[in-house]
Amino acid sequence: MSFILRAAFWLTVLAFLLPAAGYEISPTKARAQGGATSAAYVTGEETASAPPDIDAGEMLTLAAKSAQDVMGFCGRNPAVCERGHAVVAHVARQSAYYGGQLLLWLTEKAKEQQKDAETASAIAPPRPTHQARLAGA
């Protein structure tokens, strides 16, 4: 589920950052330059004029209106919103439970490795120090 959400997020970011299609007025202009351009290739009907530029203020206004629309989604669709809350609650419970199980398992493995290391150091004979080798030589 998280893979799908991450993929949807990054695809949205990618779609936002890619150049918009339809900005090229004349497709023959790109061909006449002898190669590909970063502008989109318009097929079929050509636009008569370039799309109007959107300034920062208008972009902010559009974003605010979109946010208001999203905030009113549960008021318009209470059944969908209720099911969404149930799914999110289920995912949260599952994540908490299995996250706890994973933490317990990792803790047990760490304790086992620590016991194995202590047992191995207790069984192994002490190594001679550098001075003991010099004195014996």
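**Close-up 1. The disulfide between Cys74 and Cys81 in the predicted model.**

**Close-up 2. The salt bridge between Arg76 and Asp69.** The structure holds 2 salt bridges, and in the one shown here Arg76 is paired with Asp69, their closest N and O atoms being 3.3 Å apart. Arg76 counts as partly exposed at 47% relative accessibility, and Asp69 also counts as partly exposed, with a value of 44%.

**Close-up 3. The salt bridge between Glu112 and Lys109 in helix α5.** In this pair the closest N and O atoms of Glu112 and Lys109 are 3.9 Å apart, a distance that counts as a salt bridge because the cut-off is within 4 Å. Both residues belong to helix α5, which covers residues 78-123, and because they are 3 residues apart in that helix, about one helical turn separates them. Glu112 is partly exposed, at 42% relative accessibility, and Lys109 is likewise partly exposed, with a relative accessible area of 35%.

**Close-up 4. A nonpolar patch on the surface.** Four residues, Met1, Leu5, Val87 and Val91, form this patch, and together they have about 380 Å² of accessible area. Met1 lies in the segment before α1, the helix of residues 2-17, and at 62% relative accessibility Met1 counts as exposed.

**Close-up 5. The aromatic pairs of the structure.** The structure holds 2 aromatic pairs. In one of them, the ring centres of Phe9 and Trp10 are 4.9 Å apart and the ring planes stand at 75 degrees, so the pair is edge-to-face. Phe9 is partly exposed, with a relative accessible area of 49%, while Trp10, at 54% relative accessibility, counts as exposed; these values fall under separate labels because exposed means over 50%. The rings of Tyr97 and Tyr98 likewise have their centres 4.9 Å apart, and with their planes at 80 degrees this pair is edge-to-face. Tyr97 counts as partly exposed, at 46% relative accessibility.

Technical notes. Residues are numbered from 1 along each chain as its sequence is written. This is a predicted model: local features need pLDDT of at least 70, side-chain atom pairs count only at pLDDT 80 or more; totals for chains, interfaces and linings use all residues. Side-chain values use heavy atoms; hydrogens and water are left out. A disulfide is a pair of cysteine sulfur atoms within 2.5 Å. A salt bridge is a side-chain nitrogen of Lys or Arg within 4 Å of a carboxyl oxygen of Asp or Glu. Buried means under 20% relative accessible area, exposed over 50%, partly exposed in between (1.4 Å probe, protein chains only). Helices (H or I, at least four residues) and strands (E, at least two) are DSSP runs, numbered from the N terminus. Patches are made of residues with over 30% relative accessible area and no salt bridge: like charges are joined within 9 Å, nonpolar side chains (Val, Leu, Ile, Met, Phe, Trp, Tyr) within 5 Å. Accessible areas come from the Shrake-Rupley method with a 1.4 Å probe; for residues, only the protein chains shown count as cover. Rings of Phe, Tyr and Trp (its six-membered ring) pair if their centres lie within 6.5 Å; planes under 30 degrees apart count as stacked, over 60 as edge-to-face and the rest as tilted.
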